[in-house]
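Reader: Hello! I am new to protein structures and would like to learn how to read one. Could you walk me through it?

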Amino acid sequence: MVDKLYKAFVDATYNVFNLMFNISDISDHPIDEFACDNELDISVGIVGELQGEVIYRFPVVTSLNMVNIMSGMEFEDVDIFVTSAISEIANIISGNVITALSDNVFRYDILPPVLGKPSDAKEYEIEENCCICTSLGEICLDVRLNRA
Amino acid sequence: MLWKDIYELGVPAIDAQHKELFSRVEAFLQVLRSKESWEEKLPKINETLEFMKGYVVEHFHDEEEYQKKINYPKYEAHKQVHIGMVDYVLEVSKQFEESDNNENLMQQFGGKLLSWLINHVAAEDQQIADYAKKEGVSGNGR
């Protein structure tokens with residue numbers, strides 16, 4: 001079930017990039033190869049029979065490319081508008097996972113996206129992560145869950 | 001340009017409304033992101049917000065009628081998504097008025113609206129079109 005949930009987040013990210021940005025050339029690789037010190041971290045909490053969060057790490061370059069493509073405008077800095085647009089994308093991906101797995105044994109829901117990376121202090125039973133590569137840039141997914 | 005041909009569903013009546021909606025949202029974003037002072041932008045911002053409150057409801061209603069007409073199986077779930085967005089637009093509009101036209105609130109709204117609208121049309125509405133084509137009822141526009 002846990003593997004299925006993690007895979008569902010990766011698949012949902014692929015699908016959102018495919019449908020919203022018309023990008024089909026997408027791949028993923030281990031997070032160790034991800035090097036970025038200027039990124040937008042969006043955390044989406046999971047509550048219910050599974051508890052934890054999914055952290056979406058969008059490098060600034062990726063964030064700006066995404067908003068530029070969607071809007072047809074030129075954004076040069078990450079501001080409230082860009083943060084809100086990217087947070088909504090994290091929310092859409094997470095919502096799609098909940099819908100895709102709605103017939104599963106575990107009952108859980110998602111919380112609104114929050115800006116910022118949660119503390120690494122808490123331990124999780126399930127910790128999976130990867131980087132997804134697209135022509136707009138990379139996005140890293142960090143899934144951290146405990147069974148309630 | 002905000003509208004892209006890949007968003008077309010192949011249902012002329014709904015595509016025409018989507019294009020109008022995208023055109024209005026694009027005009028809104030251009031004003032929102034322009035270099036003018038916030039005071040100069042406000043009349044256009046308020047005008048678009050008023051339009052959105054009316055047109056979004058009208059478009060969602062028309063789209064729901066179309067879904068009923070073709071017996072779209074995900075009608076109820078899609079309607080709930082529409083209700084959620086209408087509630088959000090009304091809530092932001094109320095907060096905007098109460099906050100004495102706070103710019104940050106409107107920038108936040110603009111960003112969310114952009115991603116929401118594109119996902120809704122490119123992904124969620126596309127499922128309606130896929131169903132209509134599969135069932136051979138895609139010409140049943142209003």
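Predicted model: local features only at pLDDT ≥ 70, side-chain atom pairs only at ≥ 80, totals over all residues.

Reader: How many residues of chain B are in contact with chain A?

Author: Contact means heavy atoms within 4.5 Å. By that rule, 22 residues of chain B are in contact with 18 residues of chain A.

Reader: And how is the size of an interface given?

Author: Often it is the accessible area lost when the parts come together. Buried area here is the accessible area (1.4 Å probe) that two parts lose on being put together, summed over both. For chain B and chain A it comes to about 1800 Å², with 66% of it on carbon and sulfur atoms. On the chain B side, Arg33(B), Ser115(B) and Asn119(B) lose the most area to chain A, together 29% of what that side buries.

Reader: How many residue pairs are in polar contact between the two chains?

Author: A polar contact is a pair of N or O atoms within 3.5 Å; within protein, one must be able to donate a hydrogen and the other to accept it, and residues adjacent in sequence count only if both atoms are side-chain atoms. Between chain B and chain A there are 5 residue pairs of this kind, both residues being at pLDDT 80 or more.

Reader: Which helices of chain B supply residues to the side that touches chain A?

Author: Helices (H or I, at least four residues) and strands (E, at least two) are DSSP runs, numbered from the N terminus. Helix H1 (12-32) and helix H4 (103-135) of chain B each supply at least two residues of that side. The largest share, 13 residues, comes from H4(B). By class, the side of chain B that touches chain A has 11 nonpolar, 8 polar and 3 charged residues. In this count Ala, Val, Leu, Ile, Met, Phe, Trp, Tyr, Cys and Pro are nonpolar, Asp, Glu, Lys and Arg are charged, and the others, Gly among them, are polar.

Reader: What is the general idea of a salt bridge?

Author: Side chains of opposite charge can pair when their charged atoms come close. The rule asks for a side-chain nitrogen of Lys or Arg within 4 Å of a carboxyl oxygen of Asp or Glu. It finds 11 salt bridges over all chains, and 2 across the interface of chain B and chain A. In one salt bridge, Lys112(B) meets Glu88(A) at 3.7 Å, N to O.

Reader: Is Glu88(A) buried or exposed?

Author: Buried means under 20% relative accessible area, exposed over 50%, and partly exposed in between (1.4 Å probe, protein chains only). Glu88(A), at 5% relative accessibility, counts as buried. This residue is found in helix H3 (residues 80-100) of chain A. Leaving out residues up to four places away in sequence, Glu88(A) touches Lys112(B), Ser115(B) and Trp116(B).

Reader: Where can I look for salt bridges within one chain?

Author: Glu125(A) lies in the loop between strand S5 (114-115) and strand S6 (126-134) of chain A and Arg147(A) in strand S7 (residues 137-147) of chain A, so the pair ties together parts 22 residues apart in sequence. In chain B, Arg24(B) forms a salt bridge with Glu20(B), the closest N and O atoms being 3.3 Å apart. These two are 4 residues apart in helix H1 of chain B, so about one helical turn separates them.

Reader: Lastly, how is a pair of aromatic rings described?

Author: By the distance of the centres and the angle of the planes. Rings of Phe, Tyr and Trp (its six-membered ring) pair if their centres lie within 6.5 Å; planes under 30 degrees apart count as stacked, over 60 as edge-to-face and the rest as tilted. The whole structure has 12 aromatic pairs over all chains. Trp3(B) and Tyr7(B) form an edge-to-face pair, 5.7 Å centre to centre with 80° between the planes. Trp3(B) is buried at 9% relative accessibility, and Tyr7(B) is buried at 2%. Together with Phe22(B), Trp3(B) and Tyr7(B) form one aromatic cluster.

How values were computed:
Residues numbered from 1 in each chain as written. Chains lettered and ligands numbered in written order. Heavy atoms only, no water.
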